[in-house]
Amino acid sequence: MQMEFIKMGINGEGIGYLDQKPVFCPGVLPGETAEVRITEKNRSFFRAECVRLTGKSEHRIQPASKEEYESGSAPLMILKYEQQLAYKKQLLEEALWKYGHVNRKLIRDMRPSPLASGYRSECKLPVGEEDGKLVMGLYKAGSNQLIPVKRFVSHTAELEEKRLQALKILQASKLRAYDKKTGHGLRWFVMRVIGGRAQLTLVTGKDQISPAVTDSLMKIEGMTGVFQSINDRKKPEGIFGATKLLAGEETMEIEIHGLKLQLSPQSFFQLNVPQAEALYAMAVDKLDECDHLFEGYCGVGAMSMMARNKARRITGAENVKQAIRNAQAAAEANRVPNVSFVCADSAEAFISARKKRDIDAVIADPPRSGMDDEMINALLKSSVRKIIYISCNPATLGKNLKELKKSYDIRTVIPYDMFPGTPHVEALCVLERTGGK
């Protein structure tokens with residue numbers, strides 16, 4: 001079947017129309033025509049696979065990594081970077097209008113990533129075997145099929161260099177890839193490398209990692225700590241299990257905007273570090289001087305400490321214990337006495353903090369699921385004058401903004417391209433209480 005594609009979907013797929021229903025087809029760009037095969041029929045839409053392109057977009061390019069593209073992890077790798085930015089802005093505009101009736105005029109142009117490739121400072125890679133040797137790669141989207149990747153173009157040069165060194169050591173060891181039947185083997189390889197410092201976690205089954213392997217891994221230049229996380233659950237909820245330090249330091253120290261931060265293996269930190277620095281700086285710049293600032297979903301506390309001169313008192317909340325320990329240690333090391341961190345649900349912490357002292361402003365960087373109803377309702381009932389909302393999911397941002405608009409005006413939405421080659425968009429939204437009250 002021949003079809004013309006005119007739009008891009010939220011997952012980077014092309015969208016055409018058949019019988020007035022959208023047809024979603026990966027690997028096809030807007031402005032292209034293709035021979036397709038319908039693979040799924042639903043009442044309101046179809047899914048298809050591309051058999052052959054019959055008309056190519058002038059914006060199409062060869063993917064820098066065939067494996068990363070074919071896995072589905074980087075569907076926009078076939079698109080010129082300038083056009084990626086344009087489509088991402090369009091996706092954000094459509095989502096915010098659909099879910100929150102946010103005026104498109106409030107959305108600024110995409111802030112491009114300083115690096116269009118080679119920007120990822122962290123990897124979480126499944127491990128398999130090929131010809132009897134350990135390999136790392138990516139799962140094909142929607143499946144458990146591992147696509148081995150020899151070299152990742154999305155990784156920073158220092159991450160990729162140290163990943164390959166570690167892989168060589170692991171290949172020479174007695175470790176095998178994880179076997180669900182026995183519950184043994186290497187399951188995931190997790191590494192972050194920032195500023196020449198590295199932290200490695202090997203996610204395994206019920207295995208003992210030999211001291212010789214650990215010692216060899218610690219000899220990689222810049223390695224600060226090697227950890228083992230045991231996860232032998234057949235249907236794991238996440239990558240990590242019970243995690244222990246094998247050698248080195250419990251945390252890795254990094255520096256942004258003159259602040260020294262501590263990172264544990266399970267602590268979240270944006271993997272596009274230069275773009276994260278720009279985003280955080282913008283968030284803090286949009287704050288007014290105030291008495292009490294609250295940061296929800298604060299992670300390791302970077303923005304709270306960056307805002308130390310914007311508020312007399314700052315409270316940060318996060319429900320990940322390791323992240324809060326990192327934040328507390330960093331506040332002490334950086335001598336930031338007006339910032340305190342609590343390990344708690346952000347909504348509960350906000351309500352508790354507000355009972356003790358009025359909160360003037362809020363920074364929130366929630367997970368993809370967005371703010372929950374409790375947090376939204378607490379904000380609406382509060383006297384908070386300004387909210388800086390950072391979102392990685394336009395759909396949940398739109399839904400949250402629809403509710404927050406009951407008491408707040410949206411002043412601006414500033415999108416950042418945190419993940420080139422993917423359809424993901426990070427957006428910073430500034431809200432002010434209606435009437436300034």
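How many salt bridges are there by this rule: a side-chain nitrogen of Lys or Arg within 4 Å of a carboxyl oxygen of Asp or Glu? The count comes to 18 salt bridges.

## Basis of the model

This is a predicted model, in which local features need pLDDT of at least 70 and side-chain atom pairs count only at pLDDT 80 or more, while totals for chains, interfaces and linings use all residues. Residues are numbered from 1 along each chain as its sequence is written, and side-chain values use heavy atoms, with hydrogens and water left out.

## Salt bridges

Side chains of opposite charge can pair when their charged atoms come close. One of the salt bridges joins Arg52 and Glu35, at 3.3 Å from N to O. This pair links distant parts of the chain, with Arg52 in strand β5 (residues 46–55) and Glu35 in strand β4 (residues 33–41), 17 residues apart. Helices (H or I, at least four residues) and strands (E, at least two) are DSSP runs, numbered from the N terminus. Arg52 is partly exposed, with a relative accessible area of 47%, and Glu35 is also partly exposed, at 27%. In these terms, buried means under 20% relative accessible area, exposed means over 50%, and partly exposed lies in between (1.4 Å probe, protein chains only). The areas come from the Shrake-Rupley method with a 1.4 Å probe, and for residues only the protein chains shown count as cover.

Glu249 and Arg197 form another salt bridge, their closest N and O atoms being 3.7 Å apart. Glu249 lies in the loop between β12 (242–248) and β13 (252–256) and Arg197 in strand β10 (residues 197–204), so the pair ties together parts that are 52 residues apart in sequence. Glu249 is partly exposed at 42%, as is Arg197 at 30%.

## A salt-bridge network

Lys386 and Glu432 meet through their side chains in a salt bridge of 3.5 Å, N to O. Because Lys386 is in strand β19 (residues 386–391) and Glu432 is in strand β21 (residues 426–433), the pair ties together parts that are 46 residues apart in sequence. Lys386 is buried, with a relative accessible area of 9%, whereas Glu432 is partly exposed at 25%. Both residues belong to a network of salt bridges that links Asp288, Lys386, Arg411 and Glu432.

## Strand pairing and positive phi

Strands β1 (residues 2–8) and β2 pair in the antiparallel sense over 3 bridges; two strands pair if DSSP finds at least two bridges between them. Lys7 stands opposite Ile15 in β2. The hairpin of β1 and β2 has 5 residues between the strands, and Gly12 there takes a positive phi near 85 degrees.

Strands β2 and β3 run antiparallel and are joined by 5 bridges, with Cys25 in β3 as the bridge partner of Gly14. Their hairpin has 2 residues between the strands, and Asp19 takes a positive phi near 55 degrees. Gln20, in the loop between β2 (14–18) and β3 (21–25), has a positive phi near 65 degrees and is exposed at 78% relative accessibility. Asp131 is found in the loop between β6 (122–130) and β7 (133–139). Asp131 is not a glycine, yet its phi is positive at about 55 degrees, and the residue is exposed at 78%.

## A negative surface patch

Glu348, Asp372, Asp373 and Glu374 gather in a patch of negative charge on the surface. Patches are made of residues with over 30% relative accessible area and no salt bridge, with like charges joined within 9 Å and nonpolar side chains (Val, Leu, Ile, Met, Phe, Trp, Tyr) within 5 Å. Lys and Arg count as positive and Asp and Glu as negative, while His and the chain ends are not counted. The place of a charge is taken as NZ of Lys, CZ of Arg, CG of Asp or CD of Glu. Asp373 is in helix α9 (residues 373–381) and counts as exposed, at 61% relative accessibility.
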